[in-house]
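Got your viewer open and ready? Load the model shown here, keep the selection tool handy, and follow along stop by stop.

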Amino acid sequence: MPEYKLSYLPIRYLAEPARLIFHYAQEEFEDEQLGFDEWDSVKQTSPFNTLPLLTINGKIQIGQSMTIFRYLAKQFGLDGGTDLEDAHINCIAEYFREMMEKARPFVRFWNRGIVEKNFEQNDEEPEFPLVVQQLKLYLEPAVREYFPVIIDLLKKSKNDFFADSGITWVDFFISEYVDSLKNVAPELAEQYPELLEHSKIVHSIPQLQNYLESRKHTDW
């Protein structure tokens, strides 16, 4: 049996789908959560100077979150049921990842207080708090542009998941982001009840309950 170590920061964001895959598959792994102050020294050993990082048998390293998700999905039967279905869910994932990149400056601000640019507002408008400025600049426009398409794709499925064959890694990927959105912008999240219901279904899977009940809460 391979030995897995998943290295990331003490938040969910880009590593949580992999954690959920491991727990769903009931596969043991080392969940290494590095402090932000530790990351600078560790990144020199990462192939792309990024996290998350999946290490297999203490030797083989896989960087880039989407590649980690796809690799684990193939190992544990969470990819598409056919090649065409696999292509379909990968299209959904890439589209959603595109949205995440547009919203990423808001996540960086929320987690680390990093401001990439300020919100330009009319002098006649009341001054927005910084967090609202960043939400209006990045998170809200991205969600409004991409979520309707994601919902349409979910509705076209024959079940509660994005693939007709049942749950795949993409359900973990999207539901975790929606769960975070509910934490930081509940009024925005409530405008997309279909994705909130999907997230609720995914997070109700029996194999995940022990982990979900014990994991430390983080907004992202």
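The tour below goes from a strand to helices, loops and aromatic rings.

Before you click anything, know that this is a predicted model, in which local features need pLDDT of at least 70 and side-chain atom pairs count only at pLDDT 80 or more, while totals for chains, interfaces and linings use all residues. Residues are numbered from 1 along each chain as its sequence is written, and side-chain values use heavy atoms, with hydrogens and water left out.

**Stop 1: Tyr8**

Select Tyr8, which lies in strand 1. Helices (H or I, at least four residues) and strands (E, at least two) are DSSP runs here, numbered from the N terminus. Is Tyr8 buried or exposed? Tyr8 is buried, at a relative accessible area of 4%. On this tour, buried means under 20% relative accessible area, exposed means over 50%, and partly exposed is in between (1.4 Å probe, protein chains only).

Now show what Tyr8 touches: not counting residues up to four places away in sequence, the list is Tyr13, Leu14, Ala15, Arg19, Glu32, Gln33, Leu34, Leu51 and Pro52. A contact means heavy atoms within 4.5 Å.

**Stop 2: Pro52**

Go on to Pro52, in the loop between helix 2 (36-42) and strand 3. Look at the peptide bond joining Leu51 and Pro52: it is cis, with omega about 5°.

**Stop 3: helix 1 and helix 3**

Select helix 1 (residues 16-25) together with helix 3; their axes come within 9 Å and cross at roughly 10°. These axes are lines fitted to C-alpha atoms, for helices over the stretch in contact, and angles run from 0 to 180 degrees between N-to-C directions. Helix 1 and helix 3 are therefore roughly parallel to each other. (Angles under 35 degrees count as roughly parallel, over 145 as roughly antiparallel, 65 to 115 as roughly perpendicular and the rest as oblique.)

Which residues make the contact? Pro17, Ala18, Ile21 and Phe22 come from helix 1, and Ile68, Phe69 and Leu72 from helix 3. The residues of this contact divide into 7 nonpolar, no polar and no charged. Here Ala, Val, Leu, Ile, Met, Phe, Trp, Tyr, Cys and Pro count as nonpolar, Asp, Glu, Lys and Arg as charged, and the others, Gly among them, as polar.

Zoom in on Ala18, a residue of helix 1. Ala18 is buried, with a relative accessible area of 0%. Leaving aside neighbours within four places in sequence, Ala18 is in contact with Leu6, Ile68, Phe69 and Leu72.

**Stop 4: the buried face of helix 3**

Stay on helix 3 and select Ser65, Met66, Ile68, Phe69, Leu72 and Ala73, which are buried. Turn the view to look down the axis: the buried residues of helix 3 fall within an arc of 160°, so they line one face of the helix. That arc is the one of the directions from the helix axis to the C-beta atoms. What do they pack against? The partners are strand 1, helix 1, strand 3 (53-56), strand 4 (60-63), helix 4 and helix 6.

**Stop 5**

Just after helix 3, pick Gly77, which takes a positive phi of about 70°. Next comes Gln64, in the loop between strand 4 and helix 3. Gln64 is not a glycine, yet its phi is positive, near 75°. It is partly exposed, with a relative accessible area of 37%.

Then find Gln26 in the loop between helix 1 and strand 2 (30-33). Gln26 has a positive phi of about 55° although it is not a glycine, and it is exposed, at 67% relative accessible area.

**Stop 6: aromatic rings**

How many aromatic pairs does the structure hold? There are 16. Rings of Phe, Tyr and Trp (its six-membered ring) pair if their centres lie within 6.5 Å; planes under 30 degrees apart count as stacked, over 60 as edge-to-face and the rest as tilted.

Select Tyr4 and Phe76, an edge-to-face pair with 6.2 Å centre to centre and 70° between the planes. Tyr4 lies in strand 1 (residues 4-8) and Phe76 in the loop between helix 3 (65-75) and helix 4 (83-112), so the pair ties together parts that are 72 residues apart in sequence.

Finish with the aromatic cluster formed by Tyr13, Phe69, Phe96, Phe147, Trp169, Phe173, Tyr177, Tyr192 and Trp220.
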